[in-house]
Amino acid sequence: MTITSTYYLVLAAMLFTIGAVGLLIRRNVIVMFMCVELMLNAVNLTFVSFARELNDIRGQAIVFFTLVVAAAEVAVGLGIIVAIFRRRRGATADDLDLLRDGAQ
């Protein structure tokens, strides 16, 4: 059985959809954070699939840039989540108001 690029693209579309739905319906910041990572990895899979199909290296180069953005997101996002957890036991998207100046 030969695995074509179509399978990878369908898988990437499913992963992206799961990430987008999770991002929209969940309130927990950590779950939302993981959903964004899932969406970024789905895009990476699409880039690699097209790079392989077209025999072009640019898709793989773009994946490196996406990984850099994901690493920056992890650094900033985890800093925000840790700041929320220091003030409260849990972290929801509604708790982001705590980070505003003067909010208690």
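This is a predicted model: local features need pLDDT of at least 70, side-chain atom pairs count only at pLDDT 80 or more; totals for chains, interfaces and linings use all residues.
Residues are numbered from 1 along each chain as its sequence is written, and side-chain values use heavy atoms, with hydrogens and water left out.

Student: What radius of gyration does the chain have?
Tutor: The radius is taken over C-alpha atoms, and the globule rule is 2.2 Å times the number of residues to the power 0.38. For a compact globule of 104 residues the value would be near 13 Å, but the chain has 17 Å.

Student: Which pattern does the chain follow along the sequence?
Tutor: Helices (H or I, at least four residues) and strands (E, at least two) are DSSP runs, numbered from the N terminus. The chain has three helices and zero strands. Its pattern is α-α-α.

Student: Is Phe16 buried, partly exposed or exposed?
Tutor: Phe16 lies in helix H1, residues 5-25. Exposed means over 50% relative accessible area, and partly exposed lies between that and the buried limit of 20%. Because its relative accessible area is 35%, Phe16 is partly exposed.

Student: Which residues does Phe16 touch, not counting residues up to four places away in sequence?
Tutor: Contact means heavy atoms within 4.5 Å. With residues up to four places away in sequence left out, Phe16 touches Met39, Ala42 and Val43.

Conventions. Buried means under 20% relative accessible area, exposed over 50%, partly exposed in between (1.4 Å probe, protein chains only).
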